[in-house]
Amino acid sequence: MPAYTATAPGKIILFGEHAVVYNRPAIAVPVNQVQARAVVLADLKAPAGRVWIQALDIQLDSSLDDLPEANPMARLVRLFQEHVSLDHLPACILRVSSTIPLAAGMGSGAAISVACLRALSAFIGAPLPAEQVSALAYEIEKLYHGTPSGIDNTVVAFSKPVYFVRNSPIEILSLGEPITLVIGDTGVRSPTSGPVEGVRRAWQADRAHFETLFDRAAEIARAARGWLESGEPDRLGSLMDENHALLVEMGASSPELDRLVQAARHAGALGAKLSGGGWGGNMIALVDPARAEQVSAALRASEAVNTLITRVL
Ligand code: PMV
């Protein structure tokens, strides 16, 4: 049976989460050590047009027709069918798996959508360009939280560092020097919708103050872009620390995230911050490569359930 396999990376946000929802710039990079994977197998024995979806990590093993309308995997496949103007796909099995932690700020939902879209479009012999993959994945992101900025689907679909501003053309970043990051997982699962809603309420209660916080996050993202492109990553550490302080003030952090951020700094990181929606999930630390293991060990000693060292090129 012919099989069409596609993958998509995880991601972290280097600068500007939350502010990006309010039209400020943010920077995100792919993390290739973790991946979503989709395999499409033609199912020659199945009735015509039957699509079987298997995502055993989330206990999904069902025919598309038996899934509720609102199921994100069902929505994704139907959206794809509409996009390519097919009433039915050829009968197939869509198998999905992922090593990206769920609800942890690493873009697992976007990566699953992107991997499925890549595999399905290869299966029908019409691979989609990254812009279209990103636009379709964005529709699914909306199911997870009502007002996604679109940064997750963009960085995952392009699989490159991006400077992202909502409703603006995507800008791929070329780094002057690679950077090394240690990613630490608090082990606390936190769907993006929680902190996004929390920040929204706080913004509604004190717009003037929150607009100032978002403006400062925007300045940080712009400055960081400059240092990334000119190849002076050492300058990014203090910007990360300041961005974390802003996120604390926005109410997006948590005791676990703050503990890991502190531990990374004490172990010699150049800077550290939470990454993604917050209230749990992952934090990141910028490190000199020679210090990466030391920072990773310090995070584990401070109860990180997992750490990853990644080099962004
Ligand atoms: O999906 P997460 O947890 O990586 O968060 C995405 C970043 C936010 O700025 C908090 C939300 C968004 O839509 O941009």
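## Two helices side by side

At what angle do helix 8 and helix 9 pack, and how far apart are their axes? In this predicted model, the angle between helix 8 (residues 255-266) and helix 9 (residues 292-301) is about 145°, and their axes lie 9 Å apart. If you wonder why these two values get quoted, two packed helices are described by the angle between their axes and the distance between the axes.

The crossing of helix 8 past helix 9 is right-handed. On the helix 8 side, the residues making the contact are L260, A263 and A264, and on the helix 9 side they are V295, A298 and L299. Sorted by class, that gives 6 nonpolar residues, with no polar and no charged ones.

## The largest pocket

Now for some empty space. Rolling a probe the size of a water molecule over the atoms shows where empty space is left. The largest pocket holds about 820 Å³ of space. Its lining has 45 residues, and the ones nearest the centre are A103, S108, G109, Y144 and T192.

Which elements give two or more residues to this lining? They are strand 1 (3-15), strand 5 (92-98), helix 1 (72-83), helix 2 (108-123), helix 3 (130-144), helix 4 (151-158) and helix 5 (193-205). Helix 2 gives the largest share, with 5 residues. As for class, the lining of the largest pocket splits into 24 nonpolar, 16 polar and 5 charged residues.

## The second largest pocket

Next comes the second largest pocket, with a volume of about 270 Å³. It is lined by 16 residues, and those closest to its centre are S134, G150, N153, T154 and F164.

Helix 3 and helix 4 turn up here too, each with at least two residues in the lining of the second largest pocket. Helix 3 supplies the largest share, 4 residues. The class count for this lining is 7 nonpolar, 7 polar and 2 charged.

Start with V156, which sits in helix 4. Is V156 buried or exposed? With a relative accessibility of 0%, V156 counts as buried, because the cut-off for buried is under 20%. Beyond its neighbours within four places in sequence, V156 is in contact with A8, P9, K11, A110, A111, V114 and R118. V156 and Y4 are 152 residues apart along the chain, and their C-alpha atoms are separated by 19 Å.

S113 belongs to helix 2. It has a relative accessible area of 2%, so S113 is buried as well. Setting aside residues up to four places away in sequence, S113 touches L76, A137 and I140.

Then there is L67, in the loop between strand 4 (60-63) and helix 1. Its relative accessibility is 11%, so L67 counts as buried. What does L67 touch, not counting residues up to four places away in sequence? The list is I53, L60, S62, A74 and R78. L67 and S302 are 235 residues apart in sequence, and 42 Å separates them in space, C-alpha to C-alpha.

You'll find A103 in the loop between strand 5 and helix 2. Its relative accessibility is 28%, so A103 counts as partly exposed.

S159 also has a positive phi, near 50°, and it too is a residue other than glycine. Look for S159 in the loop between helix 4 and strand 6 (162-164). With a relative accessible area of 26%, S159 is partly exposed.

Definitions and conventions:
Residues are numbered from 1 along each chain as its sequence is written. This is a predicted model: local features need pLDDT of at least 70, side-chain atom pairs count only at pLDDT 80 or more; totals for chains, interfaces and linings use all residues. Side-chain values use heavy atoms; hydrogens and water are left out. Axes are lines fitted to C-alpha atoms, for helices over the stretch in contact, and angles run from 0 to 180 degrees between N-to-C directions. A crossing is left-handed if the near helix is turned anticlockwise from the far one by less than a right angle, and right-handed if clockwise. Contact means heavy atoms within 4.5 Å. Ala, Val, Leu, Ile, Met, Phe, Trp, Tyr, Cys and Pro count as nonpolar, Asp, Glu, Lys and Arg as charged, and the others, Gly among them, as polar. On a 1 Å grid over the protein atoms alone, a cavity is a set of points where a 1.4 Å probe fits but cannot get out, and a pocket is an open set with protein on both sides within 12 Å along at least five of seven lines; lining residues have an atom within 4 Å of a point. Grid points are joined across faces, edges and corners, and a volume is the space filled by probe spheres set on the points. Buried means under 20% relative accessible area, exposed over 50%, partly exposed in between (1.4 Å probe, protein chains only).
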